[in-house]
Amino acid sequence: MLKRSGLLLLVFGIGFGAASWNARHKQLRDPVKHPNHNLSMVTSNSKLGSVSGLGSIEPVGEVHILAAPITQLGVAPRITSINVAEGDSVNQNQILATFDNLPQLLAETARIKANVEKKKIEIDILESQTGRFEQLVQTGSLPIVDLEERKLRLAGFQSQLQELMGAMKTSNERLISDTVIRSPINGIVLKTNARIGERAQADGVFEIANTNKMQGIIQVDEADISSIRIGQPVILRSENGAFKSNLNGKVSSISLKVTYKKKLGQDPILDPGLEKRVIEVKVDLDPESSQKTRRLTGIKIIGIFKAL
């Protein structure tokens with residue numbers, strides 16, 4: 001009886017061990033994939049035969065950083081008014097903000113103007129004296145050296161007047177440019193970096209861009225860049241649901257430089273991230289897609305490059 005029980009236990013143990021080994025072997029052959037594996041920085045879609053990568057939506061043109069002027073003390077003046085909000089459309093030369101340095105610049109301009117008028121009077125007087133001296137020299141009543149002295153003084157006054165006129169021009173220009181911020185383009189206010197009463201910092205007061213034409217900037221793994229061509233069709237999808245339908249565009253440029261970017265997953269514990277070598281690819285959106293995203297600068301996207 002004891003021998004039969006021992007034999008049964010031995011058979012059961014062998015069967016349980018074989019089942020465990022088979023389960024472990026299957027797990028090693030078919031590892032469980034992380035649910036967010038498709039959101040890595042760059043992936044290859046073998047089913048569609050395409051390359052994809054993460055990126056963002058940006059304006060095709062330059063993003064203008066509008067800074068505050070710098071006073072003679074080396075600091076920015078304080079903001080007295082902000083006339084636009086983020087998302088507002090603006091026109092070229094529109095006044096967006098004003099500063100508290102206007103009274104100081106008005107006083108400086110008035111002082112320079114007064115000096116200009118004074119110098120003009122001095123020049124008029126000296127020119128009249130020089131004319132009389134010339135007559136006296138011609139009659140022999142005055143030595144020519146006195147006339148030459150007057151002419152030198154007159155030339156000096158005229159040079160001083162030119163300097164004052166230049167200072168007046170500069171002061172008038174500062175009244176126009178240094179007391180307000182004007183928009184350099186027709187565009188949209190992307191961001192406001194300062195508030196009324198503050199002095200603007202290094203990041204400027206406003207960020208403005210023309211968003212009528214938008215583009216996707218996609219980071220493509222260097223191993224896949226050989227599959228990318230100028231004019232290649234691209235489908236762009238929102239990574240976080242910022243827009244529902246797909247966007248369409250075509251590759252407009254491929255960077256000549258490899259950069260290093262951090263590959264991050266959704267879960268910092270299960271997918272802590274690795275450094276990737278990527279190449280920046282720009283994708284011009286079609287007019288309809290540009291219109292959909294003109295107020296979505298910086299939105300994260302997934303770009304899928306259609307196989308050629």
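## A helix residue

Ala 155 counts as partly exposed, because its relative accessibility is 42% and that class lies between buried, under 20% relative accessible area, and exposed, over 50% (1.4 Å probe, protein chains only). Ala 155 is placed in helix α3 (residues 144-177), where helices (H or I, at least four residues) and strands (E, at least two) are DSSP runs numbered from the N terminus. Its C-alpha atom is separated by 10.0 Å from that of Leu 126, which is 29 residues apart from Ala 155 along the chain.

## Basis of the model

This is a predicted model, in which local features need pLDDT of at least 70 and side-chain atom pairs count only at pLDDT 80 or more, while totals for chains, interfaces and linings use all residues. Residues are numbered from 1 along each chain as its sequence is written, and side-chain values use heavy atoms, with hydrogens and water left out.

## An open sheet

In the order β4-β6-β7, 3 strands form an open sheet with antiparallel pairing, two strands being paired if DSSP finds at least two bridges between them. The edge strands, each pairing on one side only, are β4 (79-82) and β7 (180-182).

Between β4 and strand β6 (residues 95-99), the antiparallel pairing runs over 3 bridges, and Ser 81 stands opposite Thr 98 in β6.

## The chain overall

The chain has 4 helices and 14 strands, and 33% of its 308 residues count as buried. Among contacts (heavy atoms within 4.5 Å) between residues at least 6 apart in sequence, 74% join residues at least 24 apart.
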